[in-house]
Amino acid sequence: ADIDAEDAVGAIARRFSELTRRTMTALLAPAWPARPVERAESRDKAQSAMAMLFPGPTRGDDRRFAASLLSGVASGLGGRFFEELRDRQSLAYTVMVTPVLRRHAGAFLGYIATSPEKEDAARKGFLDQFARLCSEPVTERELRQAKTFAVGYNAIRREAASGIIGDLADAWMHGDSMEEIARYDERINAVTDADI
């Protein structure tokens, strides 16, 4: 904005001068159940949706970059899940896979929406695609595409003030330092197929 930087800093400092830092009580990482848990809810709708959670890296775990790229390999246009379940088998309206990163816990989330009559086939296909992620290594092409998308999406997202503020708040609240924002592209580009 067209304001004096010193005036802005002073105004912010005055508003936040009463805030003090305090030590938080350490929280234990939540434990995953010993066996799969299934919950179902029926509604009078013309669509079925399934969500699956698997253990994943935490926000502070460097493996989060590989998980992010694995999401790119699986989801979106050209992704394994999208091509197989939506394009080839017509089992899904929507399909996505993404890491859920929290300070003390992490998960890998899969979501698929389908028509009720295709629910069983979609569930089987979804699980088959997760198994495929474990058995078929990521190809060089898939990894390159996922990296290009991640870096490009990050650049576009940061064109908006909300993206920048979101990154700053996230790094301050959950990250190691502000340096992680500057090193995002480097960290993404360093991921190998073996990491995934």
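How many salt bridges does the structure hold? I counted 16 salt bridges, a salt bridge being a side-chain nitrogen of Lys or Arg within 4 Å of a carboxyl oxygen of Asp or Glu.

**Entry 1: ground rules**

I am working on a predicted model, where local features need pLDDT of at least 70 and side-chain atom pairs count only at pLDDT 80 or more, while totals for chains, interfaces and linings use all residues. Residues are numbered from 1 along each chain as its sequence is written, and side-chain values use heavy atoms, with hydrogens and water left out.

**Entry 2: the sheet**

I looked up the sheet next. I took helices (H or I, at least four residues) and strands (E, at least two) as DSSP runs, numbered from the N terminus. Two strands pair if DSSP finds at least two bridges between them. The sheet is open, with three strands in the order 1-3-2 and antiparallel pairing. Strand 1 (48–55) and strand 2 (94–101) are the edge strands, each pairing on one side only. Direction ignored, neighbouring strands of this sheet are turned by 15 degrees against each other on average.

I then checked strand 2 against strand 3 (residues 106–114): the two run antiparallel and are joined by eight bridges. In this part I noted that Pro99 stands opposite Phe108 in strand 3.

For angles I used axes that are lines fitted to C-alpha atoms, for helices over the stretch in contact, with angles running from 0 to 180 degrees between N-to-C directions. Contact means heavy atoms within 4.5 Å. Helix 2 (residues 64–74) lies across strand 2 and strand 3, and runs at about 175 degrees to strand 2.

**Entry 3: Met50**

I looked up Met50, which has its place in strand 1. Is Met50 buried or exposed? Met50 counts as buried because its relative accessibility is 11%; buried means under 20% relative accessible area, exposed over 50%, and partly exposed in between (1.4 Å probe, protein chains only). Leaving out residues up to four places away in sequence, Met50 touches Gly110, Tyr111, Ile112, Thr114, Glu119, Ala122 and Arg123. I also took one distance: Met50 and Val95 are 9.6 Å apart in space, C-alpha to C-alpha, and 45 residues apart in sequence.

**Entry 4: helix 3, helix 4 and Gln129**

I turned to the helix pairs. Helix 3 (80–88) and helix 4 (residues 119–135) pack at an angle of about 150 degrees, with their axes 10 Å apart. Helix 3 and helix 4 are therefore roughly antiparallel to each other; angles under 35 degrees count as roughly parallel, over 145 as roughly antiparallel, 65 to 115 as roughly perpendicular and the rest as oblique.

Which residues meet here? From helix 3, Arg80, Phe81, Glu84 and Leu85 meet Gly125, Phe126, Gln129, Phe130, Arg132 and Leu133 in helix 4. Residues up to four places away in sequence aside, Gln129 touches Arg80, Phe81, Glu84 and Leu85.

**Entry 5: helix 2 and helix 5**

Helix 2 and helix 5 pack at an angle of about 110 degrees, with axes 8 Å apart. Helix 2 and helix 5 are therefore roughly perpendicular to each other. I listed Leu69, Gly72 and Val73 in helix 2, which meet Glu142, Leu143, Ala146, Lys147 and Ala150 in helix 5.

**Entry 6: Ser90**

I found Ser90 in the loop between helix 3 and strand 2. Phi of Ser90 is near 50 degrees, a positive value in a residue other than glycine. With a relative accessible area of 40%, Ser90 is partly exposed.

**Entry 7: back to the salt bridges**

I went through some of the pairs. Arg43 forms a salt bridge with Glu41, with the closest N and O atoms 2.7 Å apart, and both Arg43 and Glu41 are exposed. Arg132 bridges to Glu136 at 3.0 Å between the closest N and O atoms. Arg132 is partly exposed at 24% relative accessibility, and Glu136 is partly exposed with a relative accessible area of 36%.

Arg157 forms a salt bridge with Asp167, the closest N and O atoms being 2.9 Å apart. This pair links distant parts of the chain, Arg157 in helix 5 (residues 140–157) and Asp167 in helix 6 (residues 161–174), ten residues apart. Arg157 is partly exposed at 26%, whereas Asp167 is buried at 14%. Last, I noted a network of salt bridges that links Arg59, Asp170 and Glu180.
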